[in-house]
Amino acid sequence: MSNTEHGTVDAARTTRVTDPADPRLHDYTDLKDVKLRSVREPAEGLYMAESSSVIRRALEAGHRPRSFLMAEKWLDSMADVLAAHPDAPVYVGSDDVVQRITGFHLHRGALAAMHRPVLPSVHDLLAGARGGAGARRVAVLEDIVDHTNVGAIFRSAAALGVDAVLVSPRCADPLYRRSVRVSMGTVFQVPWTRLESWPGGLHALQDDGFTVAALALSDDSVSLDDLVADPPERLAMVLGTEGDGLSRGAVAAADVVVRIPMAGGVDSLNVAAASAVAFWATRA
């Protein structure tokens with residue numbers, strides 16, 4: 001039994017692991033293989049929470065742990081978390097063994113394999129936002145493939161009061177380990193779900209009373225300043241993939257095309273930076 005300022009860890013709760021091929025550690029293997037993990041995690045109903053702070057945010061949001069993995073030196077600081085979830089196995093190994101299991105040096109405290117929550121329908125998500133008053137300002141991400149950008153957009157959405165985030169069928173997973181880490185765990189606090197069709201999902205938003213604004217460069221675009229001067233009651237801002245921006249289908253489905261005013265001969269921003277500008281400008 002280890003005594004800490006947070007609580008105690010019962011030695012019987014922990015399982016020391018020495019073999020990286022131990023089948024009980026399957027959730028934690030090949031974490032650096034983005035392509036494999038992007039398929040495995042949704043299919044197996046899990047996601048990874050990396051670092052004690054991210055794990056705590058996930059648990060505070062009501063997510064459930066499948067198990068924990070950490071070096072023994074992190075047990076004390078995680079004692080209260082482990083005590084609150086007595087049914088989740090706790091695997092402990094040396095730094096070397098943990099690195100061989102995961103494929104990288106774990107220096108942020110701990111990992112937790114979490115049960116992936118079932119995503120709500122778009123209609124239910126939007127209706128339930130703002131304490132049931134319904135979403136008024138949402139972000140829509142089309143085919144953004146960089147998990148860092150997805151995480152950064154969620155962090156900006158949380159900081160600037162966006163009610164919900166919707167992602168296209170081919171958009172990177174917001175619950176992928178890097179997305180969660182870059183978002184600083186805010187992916188757990190911003191309501192989100194995945195659209196089932198694209199760009200058809202934009203028409204469903206319009207049916208729910210949203211004005212769909214595509215952030216893109218086009219000859220008929222209006223300035224973000226103009227949009228803010230006469231804001232719609234419900235606004236969905238659509239942001240496109242890193243390389244090509246929004247698809248023709250998404251732009252065609254939008255009610256209005258919006259550009260961010262630029263200076264210095266610059267015509268566009270990184271999608272994460274553009275999202276922060278748009279979210280700030282349209283905040284209530």
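Predicted model: local features only at pLDDT ≥ 70, side-chain atom pairs only at ≥ 80, totals over all residues.
So, how much of this protein is buried? Of its 284 residues, 48% count as buried. The accessible surface comes to about 13200 Å², and carbon and sulfur atoms own 50% of that.

Okay, overall build. You've got 11 helices and 14 strands in this protein. The radius of gyration is 21 Å, close to the 19 Å that the globule rule gives for 284 residues, so the protein is as compact as a globular protein of that length. Now look at the contacts with a separation of 6 or more: 75% of them come from residues 24 or more positions apart.

Let's turn to the sheet. A quick reminder: strands of a sheet pair through backbone hydrogen bonds, either parallel or antiparallel. Here we have an open sheet of seven strands, with parallel pairing, and the order goes β10-β9-β8-β13-β11-β14-β12. Which strands stand at the edges? That's β10, residues 192-194, and β12, residues 222-223; each has a single partner strand, so one side of each is left without a neighbour in the sheet.

Now zoom in on one pairing. Strand β8, residues 137-141, runs parallel to strand β13, residues 235-239, and five bridges join the two. You can find Val 138 standing opposite Ala 236 of β13. Then there's helix α8, residues 200-207, which packs on the sheet and touches β8, β9, β11 and β13. The direction of α8 makes about 140° with that of β11.

Last topic: aromatic rings. How many aromatic pairs does the structure hold? Two. In one of them, the rings of Tyr 47 and Phe 188 have their centres 5.7 Å apart and their planes at 40°, so we call that pair tilted. Tyr 47 sits in strand β4, while Phe 188 is in the loop between α7 and β10, so the pair ties together parts that are 141 residues apart in sequence. Are these two buried or exposed? Tyr 47 is buried, at a relative accessible area of 0%, and Phe 188 is buried too, at 10%.

Phe 154 and Trp 192 also form an aromatic pair, and this one is edge-to-face, with 6.4 Å centre to centre and 85° between the planes. Phe 154 belongs to helix α6 and Trp 192 to strand β10, so here the parts tied together are 38 residues apart in sequence.

How values were computed. Residues numbered from 1 in each chain as written. Heavy atoms only, no water. Pairing = 2+ DSSP bridges. Helix = DSSP H or I, 4+ residues; strand = E, 2+ residues; numbered from the N terminus. Contact = heavy atoms within 4.5 Å. Axes fitted to C-alpha atoms, helices over the stretch in contact; angles between N-to-C directions. Rg over C-alpha atoms; globule rule 2.2 N^0.38 Å. Buried < 20%, exposed > 50% of the residue type's maximum accessible area, 1.4 Å probe, protein only. Areas by Shrake-Rupley, 256 points an atom, 1.4 Å probe, with all protein chains shown as cover. Phe/Tyr/Trp six-rings, centres within 6.5 Å; stacked < 30°, edge-to-face > 60°.
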